[in-house]
Amino acid sequence: MIDHLSLQVADVAVSAAFYDSVLRPLGGHRLVELGDGAVVAFGADRPVLWLVPAVGGGEVREVHLAFSAPDRAAVDAFHAAAAAAGAEVLHAPRVWSEYHPAYYAAFVRDPDGVSIEAVCNLPE
């Protein structure tokens, strides 16, 4: 249902480097760079997640993004990459049976405080 999503970030280069590392285990990579890296977009085969410079100031609102992982090993690799990149780990990988019996996910915060998750919905 979602075609793409744009996040306003404080520093596109810092956020892009973070997403380079955490999306790689999930099959995502940079697909677009505009204006010498002023805008960067990620995806597997088309741009889905766009990082753009923050404008207008204002109060920050909580955002949560969940990325689909092909298997549990990819969730573990996402978690390891995020921790290595200095992300705040909200929840290490585990089964979240309150969502459903096969819901395996890890949760971290990106450099702008966005809650991001990698989730595999497949049984072991």
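Is Trp-96 buried or exposed? Select Trp-96: this residue is buried, with a relative accessible area of 6%. Buried means under 20% relative accessible area, exposed means over 50%, and partly exposed lies in between, using a 1.4 Å probe and protein chains only.

Before moving on, a word on the model. This is a predicted model, where local features need pLDDT of at least 70 and side-chain atom pairs count only at pLDDT 80 or more, while totals for chains, interfaces and linings use all residues. Residues are numbered from 1 along each chain as its sequence is written, and side-chain values use heavy atoms, with hydrogens and water left out.

**Stop 1: around Trp-96**

Rings of Phe, Tyr and Trp (its six-membered ring) pair if their centres lie within 6.5 Å; planes under 30 degrees apart are stacked, over 60 edge-to-face, and the rest tilted. Tyr-99 is partly exposed, at 48% relative accessibility.

Now select Phe-107. Its ring centre lies 5.2 Å from that of Trp-96, with the planes at 75°, so the pair is edge-to-face. Trp-96 sits in the loop between E6 and E7, and Phe-107 sits in strand E7, so the pair ties together parts eleven residues apart in sequence. Helices (H or I, at least four residues) and strands (E, at least two) are DSSP runs, numbered from the N terminus. Phe-107 is buried, at 8% relative accessibility.

Show Arg-94 next. Arg-94 lies over the face of Trp-96, 3.3 Å from the ring centre. A charge sits over a ring if NZ of Lys or CZ of Arg is within 6 Å of the ring centre and within 35 degrees of the ring normal.

**Stop 2: the sheet**

Switch to cartoon. Four strands form an open sheet in the order E5-E8-E7-E6, with mixed pairing. Strands E5 (64–68) and E6 (88–95) are at the edges with a single partner strand each, so one side of each has no neighbour in the sheet. Two strands pair if DSSP finds at least two bridges between them. E6 and E7 (residues 104–109) are antiparallel, over five bridges. Find Val-89: it stands opposite Val-108 in E7.

**Stop 3: His-79**

Select His-79, in helix H2. His-79 is buried, at 18% relative accessible area. Which residues does His-79 touch, not counting residues up to four places away in sequence? They are Val-89, His-91, Ala-92, Pro-93 and Ala-106. Contact means heavy atoms within 4.5 Å.

**Stop 4: the cores**

Select Tyr-19, Val-22, Leu-49 and Ile-116. These have the most contacts inside the largest nonpolar core, which has 29 residues. A nonpolar core is a set of buried Ala, Val, Leu, Ile, Met, Phe, Trp, Tyr and Cys residues joined through side-chain atoms within 4.5 Å. Helix H1 gives the largest share of this core, six residues. A second, separate core of five residues includes Trp-96, Tyr-103, Phe-107 and Val-119.

Finish on Tyr-19. Leaving aside neighbours within four places in sequence, its contacts include Leu-7, Phe-42, Leu-51, Phe-67 and Val-114. Ring pairs also link Phe-18, Tyr-19, Phe-42 and Phe-67 into a cluster.
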